[in-house]
Amino acid sequence: MVDVRRVVAAKPEAVYGTDIVPTLADDAIMTRNYSIVPLEVDQLQRNLDNRAYGATKGKPTNKRMRSSYEVELAGSGTAGTAPPWMKLLAACGMAAPVLVATTSATQKFAAAGAVPGSLSEYSWVENQQRKMIGARGTYSLDFTAGQVPFANLQFTGLVPAASARVVSAPTGADFTDWQEPLEVNNANTILLLDGFAAVTRSLTIDAGVSVNLRNLIGARYVRRGNHSASGRLMIEAPSSATKDYLASLDDGALIPITLTHGTAAGNILELSATKVQVTNITESAEDDILMFNMDLLFTTDGGADDLVITAK
């Protein structure tokens, strides 16, 4: 019997697919809803002629691992120091954060042609240790009123040639780098859409990063491909005389969005994009108030950054 108690460590790799040996003392990840597929394979069918009816044995191929989990979003506690979750996003299509001393840590999508980041991930379910290398993935962000903000991460990685699964009890997990998040609410959070302070129920953003395992002669790796960031925004519908978002939908205008969460230096997060297109609006009612449910597309038109995440 194995008790279900989970702990995870992850660390950016210096060389893709080379185990950098994360430790719980230095690289522990404060997760929730952690899930792992410790071994996933395809079956190579040989399709041999057989004198009898029935299946014939397949050959396991394309061995890989997958993990998914959520992490709470908060600052590092010190302006100019990147929060620990930014290293996870750097394996999900984002570039490494750019630091400005005592001021900010800023993260954008990595440019086309840049070497994408990757992680070595060690996880434990009780004393069952699993190791994954060369992990890359995608992510989404969730800022919902009355909740703490979080990121959902999904990784695909390679199975190490040796000691991929061992019995080893976890010890010494240190989570001091992970700060307590702030509730998304009126006191802590403001959202501006095309310069208008919208009364907001929720904003979710899906990075939409393409991740595929490449298994070829001479190379085997998890490829980070293109991305297409999209969002879902739920707000109280403003009077069209004050702000006409239906007009934005009608003419395909590209408008800016900024969400600022937190008020004290060291625990302020900002999500921003300058050229967002509203692609759909539906209506609903909440407490007899008309709500807009808006689909958003984060574009790179004119060379704009489609999403900028700043901790300050």
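My entries follow, starting with the ground rules.

**Ground rules.** I'm working from a predicted model, where local features need pLDDT of at least 70, side-chain atom pairs count only at pLDDT 80 or more, and totals for chains, interfaces and linings use all residues. Residues are numbered from 1 along each chain as its sequence is written, and side-chain values use heavy atoms, with hydrogens and water left out.

Entry: I looked up strand β18, residues 269–286 (strands are DSSP E runs of at least two residues, helices H or I runs of at least four, numbered from the N terminus). I took two strands as paired if DSSP finds at least two bridges between them. With strand β17 (residues 254–261), β18 pairs antiparallel over seven bridges; T258 stands opposite S272 there. With strand β19 (residues 289–298), β18 has 10 bridges, again antiparallel, and N280 has D295 as its bridge partner. β18 and β19 make a hairpin with two residues between them, and D287 in the turn has a positive phi of about 55°. Strand β20 (residues 308–311) is joined to β18 by four antiparallel bridges, with A311 as the partner of L269.

**Entry: the core.** Which residues have the most contacts inside the largest nonpolar core? They are Y139, M294 and I309, in a core of 56 residues. A core here is a set of buried Ala, Val, Leu, Ile, Met, Phe, Trp, Tyr and Cys residues joined through side-chain atoms within 4.5 Å. Buried means under 20% relative accessible area, exposed over 50%, partly exposed in between (1.4 Å probe, protein chains only). β18 gives the largest share of this core, six residues.

**Entry: H227.** I found H227 in strand β15 (residues 219–227). H227 counts as buried because its relative accessible area is 18%. Its side chain makes a polar contact with the side chain of D306 at 2.6 Å (N or O atoms within 3.5 Å; within protein, one must be able to donate a hydrogen and the other to accept it, and residues adjacent in sequence count only if both atoms are side-chain atoms).

**Entry: a charge over a ring.** The charged end of R32 sits over the ring of F150, 4.4 Å from its centre. The rule I used: NZ of Lys or CZ of Arg within 6 Å of the ring centre and within 35 degrees of the ring normal.
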